[in-house]
Amino acid sequence: MRIVGLAVAMTALPVLAATYRVDSVRQRYPWNGLVDIDYTVTSAAGEQAPDPSQAWLALSVTDEATGETFAANAHGGPLPTAAGRHQIVWNAAADGRTDVSASLKATLKLVTMPEKYVVIDLSGGHYATRFNVSYLDAPPAGGFNTPEYKTKKLVLRYIPAGSFIMGSPADEPGHAQSPAREVQHPVAISRPFYFSLFELTRAQFETISGRTATNESGLGDLRPFDNFNSTTFRGEAEDVTSFKIPGSLSAKTGLSFDYPTDAQWEYVCRAGTTAARYTGVCTDADLNTIARWKNTTAGDNRHPGCHTDVGTYAPNPWGIYDLYGNVWEFTRDYFVDAAHELSPVDPCQAVRPVSGMQDRTVRGGSYGSEANSCRSAFRSYYDQRTSAGGYGYRLVIQL
């Protein structure tokens, strides 16, 4: 459906004298998924623009016909905050918004660097109208690796903007299944985001959705939630029966939940490292300390050939667990072999590159994977309509 018009909202900021006013919103004609947005920044005399490492402008859109609010991220990088008039182009199609009503509201908001962790209280369950959100500068006494933060709470860590080299060198053991899949190239992540410490567990899915998760052989609520197709989990325009877990969390918190992009996932996995694995060591013995994979010899082996409780193995340098092994993790990207041909800034293949394509990029390997699949650069794909054990979910909050 074409976007017919946008209602405009202004946000005046109490902390700074600057105001951010949307002046006009004009869709391209003929409609091609692009929207031109003009806005004006008005500052007091001598006032400096915010440091981009500490604060940034966020554009959000609310579809007033459905009540859904979502972040509009596809606009070519950080929005200017200097005084004056600015024009940006929002690629609505790239943000997956090809089917929206004519009743939209756009809002600009200055976002300042938040606390290190965000904790979502899920204890109200599926019927709760809101989930309480709290922020912490440091883990609580006893840390986050406890059942509380894997069942009735959801915790995500702040990830700063930055740059890294995506892909792997040709001589890395296990490099690529095809020549183009892991070509090294520089990538910039222009905006910070939150990344969940753990893969989503069965208990968390049940609490959010109100649906009972499959529980093979009584393995327990702390296992990663899998065997559930991505189309139903995330929600697609053509699937009106979906649970839309990210959308439900967004609606009940006011935050913008989604899958990580392919590039965000690798950026977090590497955590500033450049070797095949974030430990810098590529032996099976080393992998046993950080992952449940095909030949795991450490950790919980009561159920060989299956995943284990999230957080069983040591985390990466940024405190994120189970990035290798346990379950494959879906990303927001539709799979493209040559990731290096995407934009070098915030790359994301959010629109199907081929009509009817259903394969999403998946990352990290699973309990059934060979060691070569459990590398930071390894990329694979899976049909988002298909349910299977070993394919699960991790969430981010886009800022």
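Reader: Looking at helix α4, which residues are buried?
Author: Keep in mind that this is a predicted model: local features need pLDDT of at least 70, side-chain atom pairs count only at pLDDT 80 or more, and totals for chains, interfaces and linings use all residues. Numbering runs from 1 along each chain as its sequence is written, and side-chain values use heavy atoms, with hydrogens and water left out. Buried means under 20% relative accessible area, exposed over 50%, partly exposed in between (1.4 Å probe, protein chains only). On that basis, the buried ones in α4 are Ile-245, Pro-246, Ser-248, Leu-249, Ser-250, Lys-252 and Thr-253.

Reader: And how many of the residues in α4 is that?
Author: Helices here are DSSP runs (H or I, at least four residues), strands likewise (E, at least two), numbered from the N terminus. α4 spans residues 245-253 and is mostly covered. The buried count is 7 of its 9 residues.

Reader: What covers the buried residues of α4?
Author: Contact means heavy atoms within 4.5 Å. The cover includes helices α2 (202-209) and α3 (230-234), plus strands β9 (117-121), β10 (132-136), β11 (153-159) and β15 (256-258).

Reader: Is Thr-40 buried or exposed?
Author: Thr-40 sits in strand β4 (residues 34-42). Setting aside residues up to four places away in sequence, Thr-40 touches Thr-19, Tyr-20, Arg-21, Asp-23, Gly-84 and Arg-85. Its relative accessible area is 12%, so Thr-40 is buried.

Reader: Which side chain makes a polar contact with the side chain of Thr-40?
Author: A polar contact is a pair of N or O atoms within 3.5 Å; within protein, one must be able to donate a hydrogen and the other to accept it, and residues adjacent in sequence count only if both atoms are side-chain atoms. At 2.5 Å, the partner is Asp-23.
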